[in-house]
Amino acid sequence: MGLDVAVTGIGVVSALGPTPAELVDRLIAGDLGIQETPWTIDDPGQFEFWAPVCDFEPPGWMAGKLDGIDPFARHAGGAVIAALADAGLASLDPLRTGIVVGSAKTGTQTLERAQFDVERQGRTAAAPKLMIMVWPNMAAAQIAMQWQLHGPCLTLSTACASSLDALGTGARMIASGQVDVVLAGGTEGGLAHGVGDDGFVPASAYSRYGYGMGAAVTDPRRACLPFDVDRGGMVMGEGSGMFVLESAEHAERRGARVHAWVQGWGTSCEAYHPSTPNPSGEWERLAMSLAAAEAGVEPRQIDVLAAHATGTPKGDTAEIAAINTFFAEGSPSVMSVKGTLGHPAGAAGALALAAAIEGMHRGLVVPTGGTTRPEPSIDFDLVLGAPRTRDIGWLQANAFGFGGQNASLVLSSHRHEE
């Protein structure tokens, strides 16, 4: 049992730093990646929040090409470069390397901006390369072109479960013998793209508040409160988390350092409602169970859970039920990064996993930022305020998305056979 796929490289682009180490340092410090949106700063009585990536420089190989590369693909490219450097991989076999990138929104905001420009300036305002910027597969395609990779090149869009599904798919590719290496993870971008003084506001941001997904607060530290009784909504974010996955044999041959081992992946569908999970949490629990079963681990053995925990009343309620029942005979330390990092949609699971793996190396669990009054129905150890010291042999990560898309991944600090 167990996939035994090595994680040898991790790269991140986030609202709280460009490395897993800095991300964890800032999560522990309580630094806030959430800020007010540009279009409400000078609008009295209006407060909306997001968590953009502010200090990202596109990788050098994108120079001269930015008019054809959307921010979601730029973020993925930057994270892949960091992951490969972390893995110490200077070359990739073009036929034995796969790519699996997950994304939910892809180039949505660039498309919204383009429509805004066309309606005001006419058809010539449309960027000639608009289609190759915004189509969902372009992050994976740009990576393939840069490294001249001719193997599997896949894009997954399972809403906010996208990145964990991408990692699970990549791990299965390796376990099946199809490839030796996979570049896998998730990416989102474009939050700050094109927002200026001309009145542009992305329709997707307005619709989110109209749909009741945003909290009516004025304090950014109260905008997203995972598992808190006062939770009222999520804060959209962006960024990317990309991982180098390798077969055990490939990693051993080159003497690679291994961060963790992907052991199990579970995926399920609610088939319940476009945005609301089944309140019982039974289908989220199924994804968690499938991941643990493939890993060959009992729930009571899991030390840390990186929860999805969006801070929405209905979403958190279902996940609390799933965690309570799945871990009825044990209590892992549970963390969520969204109270300070925001919700990077299709990249959410990958960024939370990067923080969890960094914490595993340090023997700690990062606190759940923002949350001060945990929901009374919680039966598990929710880490609040300060990091929790803990020896971590097994960790699990959840990512649940619109459309009832559920994904869960189980990793270990050791090979399953050891």
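Helix axes here are lines fitted to C-alpha atoms over the stretch in contact, and angles between them run from 0 to 180 degrees between N-to-C directions. With that in hand, welcome to a short tour of this predicted model, told as a set of close-up views.

**Close-up 1. Helices H2 and H5 pack against each other at an angle of about 45°.** Helix H2 covers residues 71-87 and helix H5 covers residues 138-147, and their axes are 8 Å apart. The crossing of H2 past H5 is right-handed. On the H2 side, the contact is made by Phe72, Ala73, Ala76, Val80, Ile81 and Leu84, while H5 brings Met138, Ala139, Ile143 and Trp147. What classes of residue make up this contact of H2 with H5? The count is 10 nonpolar, no polar and no charged.

**Close-up 2. Helices H9 and H10 cross at roughly 40°.** Their axes come within 8 Å, with H10 spanning residues 313-326. That angle makes H9 oblique to H10. H9 passes H10 in a right-handed crossing. Look for Glu284, Arg285, Met288, Ser289 and Ala292 on H9, and for Ala318, Glu319, Ala322, Ile323, Thr325 and Phe326 on H10, which together make the contact. By class, this contact of H9 with H10 holds 6 nonpolar, 2 polar and 3 charged residues.

**Close-up 3. Glu375 and Arg231 form a salt bridge.** The closest N and O atoms of the two residues are 3.2 Å apart. Glu375 has a relative accessibility of 22% and counts as partly exposed, whereas Arg231 is buried, at 10%.

**Close-up 4. Arg254 meets Glu246 in another salt bridge.** Here the closest N and O atoms are 2.6 Å apart. Is Glu246 buried or exposed? Glu246 is buried, with a relative accessible area of 0%.

**Close-up 5. The side chains of Asp303 and Arg390 join in a salt bridge.** The N to O distance in this pair is 3.8 Å. Asp303 lies in the loop between helix H9 (282-295) and strand S9 (304-306), and Arg390 lies in the loop between strand S13 (388-389) and strand S14 (394-401), so the bridge ties together parts that are 87 residues apart in sequence. Asp303 counts as buried at 15% relative accessibility, and Arg390 as partly exposed at 23%. Elsewhere, salt bridges with shared partners join Glu22, Arg26 and Asp31 into one network. How many salt bridges does a search of the whole structure find? The search finds 19.

**Close-up 6. Ala354 is a buried residue of helix H12.** Helix H12 runs over residues 348-362. Why does Ala354 count as buried? Buried means under 20% relative accessible area, and Ala354 has a relative accessibility of 0%. Leaving aside residues up to four places away in sequence, Ala354 touches Ile10, Val12, Pro20 and Phe243. For a sense of scale, the C-alpha atoms of Ala354 and Leu89 are separated by 19 Å, and these two residues are 265 residues apart along the chain.

**Close-up 7. Ala271 and Ala345 have positive phi values.** Ala271 has a phi of about 50° although it is not a glycine. Ala271 is found in the loop between strand S8 (260-269) and H9, where it counts as exposed at 72% relative accessibility. Ala345, also not a glycine, has a positive phi of about 45°. The loop between helix H11 (338-341) and H12 holds Ala345. This alanine, Ala345, is buried, with a relative accessible area of 2%.

Definitions and conventions:
Residues numbered from 1 in each chain as written. Predicted model: local features only at pLDDT ≥ 70, side-chain atom pairs only at ≥ 80, totals over all residues. Heavy atoms only, no water. Salt bridge = Lys/Arg side-chain N within 4 Å of Asp/Glu carboxyl O. Buried < 20%, exposed > 50% of the residue type's maximum accessible area, 1.4 Å probe, protein only. Helix = DSSP H or I, 4+ residues; strand = E, 2+ residues; numbered from the N terminus. Left-handed = near helix turned anticlockwise from the far one by under 90°. Contact = heavy atoms within 4.5 Å. Nonpolar A, V, L, I, M, F, W, Y, C, P; charged D, E, K, R; others polar. Parallel < 35°, antiparallel > 145°, perpendicular 65-115°, else oblique.
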